[in-house]
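Good morning, and thank you for coming. Please look at the sequence and the model on the screen while I describe the arrangement step by step.

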Amino acid sequence: MIEFGKKLKHLREGRHLTQTQVSKLLGCTPSMISAYESDIRRPSYENLVKLSKMFHVSTDYLLGCDTKSALNTSKLSTDEINALSSLIEIMQSKK
């Protein structure tokens, strides 16, 4: 199972964000983000929720209770969601 810190770092780097940028969005210090990513500290419930919203994943995903990440499709049309679903299926079939 992937630790919280590795998931957070993967999500942060996937968005091309620095620890400083994430800390500003979260309202904490860069050293706090570093401690999260090093699995030295765990975020408060409030920060856990903020991180899940920031990266559009569930808190369960961040905590390792769910292996699937979620995409926020609330602002997409049905056609756009269907197109995205088709693309995901194509990409998964290649592996």
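K7 lies over the face of Y61, at 4.3 Å from the ring centre. A charge sits over a ring if NZ of Lys or CZ of Arg is within 6 Å of the ring centre and within 35 degrees of the ring normal.

A word on the source. This is a predicted model, in which local features need pLDDT of at least 70 and side-chain atom pairs count only at pLDDT 80 or more, while totals for chains, interfaces and linings use all residues. Residues are numbered from 1 along each chain as its sequence is written, and side-chain values use heavy atoms, with hydrogens and water left out.

Now the overall fold. The protein chain has six helices and zero strands; helices (H or I, at least four residues) and strands (E, at least two) are DSSP runs, numbered from the N terminus. The C-alpha trace spans about 40 × 30 × 25 Å along its principal axes. Of the 95 residues, 27% count as buried, where buried means under 20% relative accessible area, exposed over 50%, and partly exposed in between, with a 1.4 Å probe and protein chains only.

Let us turn to the aromatic rings. A pair of aromatic rings is described by the distance of the centres and the angle of the planes. Rings of Phe, Tyr and Trp (its six-membered ring) pair if their centres lie within 6.5 Å; planes under 30 degrees apart count as stacked, over 60 as edge-to-face and the rest as tilted. By this rule the count comes to one aromatic pair. F4 and Y36 form that pair, which is edge-to-face, with 6.4 Å centre to centre and 75° between the planes. The pair links distant parts of the chain, since F4 belongs to helix α1 (residues 4–14) and Y36 to helix α3, 32 residues apart.

Helix α2 (residues 19–26) and helix α3 (residues 30–37) pack at an angle of about 110°, with their axes 8 Å apart. That makes α2 roughly perpendicular to α3, a label for angles of 65 to 115 degrees, whereas angles under 35 count as roughly parallel, over 145 as roughly antiparallel and the rest as oblique.

Technical notes. Axes fitted to C-alpha atoms, helices over the stretch in contact; angles between N-to-C directions.
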